[in-house]
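Here is a short briefing on one protein chain, written for a reader who is new to looking at structures. Please keep the sequence and the structure in view while reading.

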Amino acid sequence: MSQSEKTGLLAKEDELTVRVWLKRDSGQYWPSIYHAMPSPCSCMSFNPETRRLSIGLDNGTISEFILSEDYNKMTLVKSYQAHQSRVIMILFVLEMEWVLSTGQDKHFTWHCSESGQRLGGYRTSAGACGLQFDVETRHVFVGDHSGQVTILKLEQESCSLVTTFKGHTGGVTALCWDPIQRVLFSGSSDHSIIMWDIGGRKGTAIELQGHNDKVQSLSYAHHTRQLISCGADGGIVVWNMDVERQETPEWLDSDSCQKCDQPFFWNFKQMWDSKKIGLRQHHCRKCGKAVCGKCSSKRSSIPLMGFEFEVRVCDSCHESITDEERAPTATFHDSKHNIVHVHFDATRGWLLTSGTDKVIKLWDMTPVVS
């Protein structure tokens with residue numbers, strides 16, 4: 001799904017069609033193009049400047065079209081076999097004239113958009129649902145189902161591995177790159193978002209918790225430093241990233257509560273020596289200490305650590321958290337459908353969402369992103 005100044009574009013994954021919708025004088029959207037494809041459409045990338053529409057198909061093919069100026073006709077330019085199975089993500093880079101893609105065949109590839117020639121590829125550890133590119137450094141970021149993010153350096157016909165890192169307990173479902181602050185955002189099926197400080201070279205990773213289901217899409221408004229995340233729970237969350245956020249602490253290991261020294265249930269020696277029943281281990285989200293349930297009976301939000309919802313904290317940390325520290329750094333909005341695909345137009349502040357209900361919704365985000 002993508003959007004231009006005049007039109008919204010939708011690839012129907014359960015049908016062999018691509019539809020182009022034009023906004024009429026009445027304010028309603030009506031289809032101007034209904035184009036049949038040889039295989040179900042799985043993803044797309046649209047460039048308004050060139051009106052180039054790149055479509056990935058279930059059979060591994062990428063088909064490239066040029067849309068007419070009035071958006072009433074789409075002309076096939078070329079098709080090429082990019083993957084051995086379904087194309088998962090596709091990204092057109094105008095500056096390089098490259099088409100980047102990932103597939104279910106666990107390969108990342110890039111092709112010349114002019115000739116359709118394959119320029120290179122890299123095998124990932126799993127199928128990849130996240131794909132971003134930095135034009136200045138020619139670094140590509142690939143997030144896969146194993147939860148790993150891979151950074152590659154692309155040349156005209158070769159690539160080299162820069163590094164890999166992993167912070168999610170679930171698969172990476174979305175990536176978003178901010179080339180100005182040089183930070184990478186990753187969303188996951190574990191419901192969390194992580195902000196990776198790539199440019200700072202300090203290994204800083206900030207966690208954001210604001211969804212009750214997997215994160216489906218991430219978009220960034222550079223001018224306001226706001227992150228927009230959409231989830232399968234139907235939630236649209238707008239995060240204020242223009243605040244000094246804190247890293248979540250590492251969870252400490254201990255055989256007994258680090259507050260009251262009560263043994264945990266696997267600490268048989270201390271249980272026997274003290275004649276006490278072993279307790280279940282928990283962790284304070286603010287200090288990371290291993291604590292028992294009695295010493296962590298309180299809950300609190302910690303927005304600057306990314307916890308917009310109330311989480312477990314030890315009693316002493318609960319007393320230390322001020323009202324200012326509990327002030328929310330995100331706003332929450334209900335899309336009223338389970339979001340599958342998203343496109344954000346930063347120039348107008350419009351957000352397109354499509355859901356499992358097969359409904360496309362157009363949102364004016366300027367009241368909260370401005």
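Helices (H or I, at least four residues) and strands (E, at least two) are DSSP runs, numbered from the N terminus. This is a predicted model, in which local features need pLDDT of at least 70 and side-chain atom pairs count only at pLDDT 80 or more, while totals for chains, interfaces and linings use all residues. Residues are numbered from 1 along each chain as its sequence is written, and side-chain values use heavy atoms, with hydrogens and water left out.

**Phe307**
- Phe307 lies in strand β27, which covers residues 307–313.
- Phe307 counts as buried because its relative accessibility is 8%, where buried means under 20% relative accessible area, exposed over 50% and partly exposed in between (1.4 Å probe, protein chains only).
- Leaving aside neighbours within four places in sequence, Phe307 is in contact with Gln209, Thr248, Arg285, Ser301 and Ile302, contact meaning heavy atoms within 4.5 Å.

**The largest nonpolar core**
- A nonpolar core is a set of buried Ala, Val, Leu, Ile, Met, Phe, Trp, Tyr and Cys residues joined through side-chain atoms within 4.5 Å.
- The largest such core has 16 residues, of which Phe185, Ile193, Leu208, Leu218, Leu227, Trp239 and Met241 touch the most other members.
- Among the elements that give two or more residues to this core are β17 (172–178) and β21 (215–221), and β21 provides the largest share, 3 residues.

- Residues 208–249 are 0% helix and 50% strand, whereas residues 332–365 are 0% helix and 62% strand.
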